[in-house]
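Please read it alongside the sequence and coordinates.

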Amino acid sequence: MEAFTEKFGIGQPVRRKEDQRLLTGGGVYTDDINIEGQAYLAFLRAPYAHARINHIDTTAAAAAPGVLAVFTGRDLEADGVGRVETDINLKELDGTPIFKTQRLALPTDKVRFAGEPVAVVVAVTAFQAADAVERIVFDVEQLPAVVTARAAAAQGAAILHDELPDNCALHWQNDTPDAYDSVAAKAHKIVSIALTNNRVVPVPMEPKCCIADMNPGTGRLTIYAPFQGGRRIQGAIADLLFDGDGEKVRHVSDNTGGGFGTRSKIYPEIIAICYAAKKLGRAVKWLGDRSETFVSDLHGRDQVNDAQLAFDADGKILGYRLETLVNIGAWVTENGARLAIDGGGRILGGCYDIPVLYYSCRNMMTNTVSTDTYRGAGRPEANYIVERLMEKAAHELGIDPHELRRRNFIKTFPYTTQMGMNVDCGDFAACMDMALSTSDWAGFGARASRSQARGKLRGIGLASFLEGAGGRPEEVMRVRFEKDGAVNIICGTFSHGQGHATVYSQILSEKMGVPYHSINLIQGDTDTAPAGASGTYGSRSSQMGGMAILRACDMIIEKGKIIAGHLLQAETAEVAFEAATFSARGGSVTMVDVAKAAHDPRRLPDGLEPGLDETYLYKRDGGRDDQSFPNGCHICEIELDPETGAVEMLAYSAADDCGTVLNPLIVHGQVHGGVAQGIGQALCEHTVYDEETGQLLTGSFMDYGMPRAQHLSHMTAEFNPIPSTNNELGVKGAGEAGCCGAPAAFVNAVLDALKPLGVSHLDMPLTPNNIWRAIHGAKAEGENS
Amino acid sequence: MSIEVSMNVNGKPVSAEVEPRTLLVQYLREHLGLTGTHVGCDTSQCGCCNIHLNGESIKSCTIFAIQCEGQDVLTIEGLADEDGTLHPMQQAFWEHHGLQCGFCTPGMVMVACDIARRLPDADEKTIRQELEGNICRCTGYQHIVEAIESGIKAMNAKGQVGQGRAENV
């Protein structure tokens, strides 16, 4: 057992506060909660991917044993339930605004993807609800379905929304192609690539679950559901069901079993459950099993890209042209149609200086569940494209891949990208050197020879990446010192695995000099979360929430000085604060003394409000454009069996610059988790809809390839921290970096291994079957030529 | 139709009237209120529901409660000492940051104890293979594997490995 550190400040590998209860079975996830007298709800889900609804007959279901109510979209409509619309306001080059769908939680006209909820049954028991769903007559006229972005863009494709005959919700372009075309015309070399970025399912381990508890006495609805920040669900349900009165809606989540972006969304299921609870005036519970979670959770990725880089004779990039089709699914959701633009667009050219850009992004609607935010949200896709291109370019230009990257790295900061973002700092070459050294890149040749001697192919692949983190540019925190000196941090960010109770305590302990163990985090309840709190997503909680804590602490210190001055019979201006001690005129009082006095009106100066309780709304200076820019370089080494096509991951070296590292133990965990999701996408995860019927073929862990422990090797994660200049903590956000580097590093490694066999291109996932086919395809080609 | 099912859970005799189709995991969660055992899938793939039956790790979603009549069940709630002192494997998960959201954790810890019991010399590769039936989406498994290596050592030191009985785990 290694020795324990006694220190709990910033930068220490502090073991997490939240773990004791999680390790002993004491965590409280949504399905662990039961409300006295709760009813159970079950959904009828569309068995077809695309169909016009003729009639939904609920008579037999309503008469089934134990059934309390059956609702369809008609009921929601009659009761004036609001429709969900995205707040994306992007426009096409000619000013045409994005096409927005108005989505009722249960559709009345058509179903647009297999698994879309169309009716609910509420019954006394869960079995009764499930049985009664079988009795609903769902009379439809089936329509042809379209499930891929390319197919949706083709002439004569099935049309999802009558008002949108070309299925393209938004064709966004940064500019006309003219500027790029003119540099391309003078280029020494144009390197092109066509890529498919496979659709993945986020899969938090806690399946979807929701309890809505309506109290008819108070007129208040309490929602229990896994969610990444309750203020947002509260606002949405208030708008849709309570005329915008947020006081009428409370959201509670004690523990949430993973989020990855997909638990930050307002799902139609939640709206329907809340509607049912409100209508019936009681508590209603729904547990979505894994199968329901697969078909209905918002998915991630799913793009096809045609990309090219124009180079001059020195291997310097002259321009970048990217044409992307995104499959945004059946509805225009909160973020789906902006992921490739505002998300990936932030860092479109990766770590490289791109003087000219043409970017065209068509967001295509298909008969699939929508894609939306999934760990990285556009940045993994963008980095994947540019890193595959750079690797290919190095080969075609005959320049060493590291050298080509070095020549094109952004080196002077701040750097304004073609998409208008200001990258404040970084040292991309230093990260690459660190990863090259850790991976013993120089010694690869010898290792490859040993593999070859055993009949195996060994490969090594590198990917540099740039991330843009921070999300919404404001967050609020409340810090309250109790009279015994204990401190409560009260927030609306929500830790669902990130360890905020630990990290926030480290920040506050360091700032105030108070004991780490005296600090407690109160989260997961809109009744306590300060107004204006936003939530946890976009790798933002430490950089936004952490800053709000620092500023709230400054306010505590200011008030503390007034109280200390009164106690020490000194002027406020004379009081100094350091390490939990206020001192003036040779005397001093501790933070605990001041906290105690703050709660005792007899010991306070005239006019000062009792308590030591401050709330601070922190706003990032530069707003949306002032993200932080985590970056790094990842190297993956693999061995491949040419007989079977199976790949074994052997080593992984990550060199990350996520700015100041608040807790290396936790940041390592974030890097490992992100890398595993990236490797998962590159190796085995793949979401397949049948192209004829539109049915989800990969709807369980039996068919969807989740990465498991044996698929991954040991990873070495190191830091090259260059503090962000956009916040005083210097943090850049660590949550999403891993999955930005891993896919390209892994694929480049496999392609490196396959080079002797003449395989030069592969799309993810690199399953044994896909690799074996590529090997034999290349062989066949070789035989023919 | 309900029937009475009795067994020993975490060292205590328990009994509940349940429908015959009740799975062990439902019996534990819904009838005994032991919600530390989780359900993460419906195909017996994820391992969030792992418990020990007569000292061996099984997925509690794959067995009916009635099949466990009169037998010994150990869940995550019964692993630590009554005074709250963590079991060496729980302690190792804590020290090595072997959990993030915590949902897969009870199943991971129960399986880890079983690995220690069967394979007291397990190396990293063996542990990775042994985790074939347990999915974690947060950690990338690395800290879990490190925790299990360390937990096995700690259990070795306390003479808690290489045995077949629940009370020794």
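This is a predicted model: local features need pLDDT of at least 70, side-chain atom pairs count only at pLDDT 80 or more; totals for chains, interfaces and linings use all residues.

The sections below go from the basis of the model to its chains, sheets and contacts.

## Basis of the description

Residues are numbered from 1 along each chain as its sequence is written, while chains are lettered from A and ligands numbered from 1 in the order in which they are written.

## Overall form of chain A

Chain A contains 20 helices and 28 strands, where helices (H or I, at least four residues) and strands (E, at least two) are DSSP runs numbered from the N terminus. Its radius of gyration, taken over C-alpha atoms, is 28 Å, close to the 28 Å that the globule rule gives for 785 residues, so chain A is as compact as a globular protein of that length; the rule is 2.2 Å times the number of residues to the power 0.38. Along the principal axes, the C-alpha atoms of chain A fill a box of roughly 95 × 70 × 55 Å.

Of the 785 residues in chain A, 58% are buried; a residue is buried if 20 or more other C-beta atoms lie within 10 Å of its own, exposed if 12 or fewer, and partly exposed in between, with C-beta atoms placed from the backbone. Among contacts in chain A with a separation of 6 or more, 80% join residues 24 or more positions apart, a contact being a pair of residues whose C-beta atoms, placed from the backbone, lie within 7 Å.

## The five-stranded sheet of chain A

An open sheet in chain A has five strands in the order β7-β15-β14-β13-β8, with mixed pairing; two strands pair if DSSP finds at least two bridges between them. Strands β7 (168-173) and β8 (189-200) of chain A stand at the edges with a single partner strand each, so one side of each is left without a neighbour in the sheet. Neighbouring strands of this sheet are turned by 10 degrees against each other on average, direction ignored.

Within this sheet, β13 (residues 300-311) and β14 (residues 317-329) of chain A pair in the antiparallel sense over nine bridges, and D306(A) has E323(A) in β14(A) as its bridge partner. Helix α6 (residues 178-185) of chain A lies across β8, β13, β14 and β15 (357-365) of chain A and runs at about 135 degrees to β14(A); axes are lines fitted to C-alpha atoms, for helices over the stretch in contact, and angles run from 0 to 180 degrees between N-to-C directions.

## Strand β10 and its partners

Four of the five residues of strand β10 (residues 220-224) of chain A are buried, so this strand is largely enclosed by the rest of the structure. Five bridges join β10(A) in the antiparallel sense to β9 (residues 209-215) of chain A, with M214(A) opposite L221(A). These two strands form a hairpin with four residues between them, and G219(A) in the turn has a positive phi of about 70 degrees.

The pairing of β10(A) with β11 (residues 249-252) of chain A is instead parallel and comprises four bridges, with I223(A) standing opposite H251(A) in β11(A).

## Strand β2 and residue A51

Strand β2 (residues 51-57) of chain A is joined antiparallel to β4 (residues 110-111) of chain A by two bridges, and to β6 (residues 137-142) of chain A, also antiparallel, by six bridges. Residue A51(A) stands opposite V111(A) in β4(A) and has Q142(A) as its bridge partner in β6(A).

## Contact between the chains

The contact between the chains takes 43 residues from chain A and 44 residues from chain B. On the side of chain A that touches chain B, α1 (19-23), α9 (290-296) and α18 (664-683) of chain A each supply at least two residues, and α18(A) gives the most, with seven residues. By class, this side has 18 nonpolar, 17 polar and eight charged residues; Ala, Val, Leu, Ile, Met, Phe, Trp, Tyr, Cys and Pro count as nonpolar, Asp, Glu, Lys and Arg as charged, and the others, Gly among them, as polar.

## Domains of chain B

The domain assignment of chain B, from an automatic or database source, gives domain 1 (3-78) and domain 2 (88-163), whose C-alpha centres lie 21 Å apart. In this chain, 15 residues of domain 1 are in contact with 11 residues of domain 2, and β3(B) gives the most to the domain 1 side, with three residues.

Definitions and conventions:
Two residues are in contact if their C-beta atoms, placed from the backbone, lie within 7 Å.
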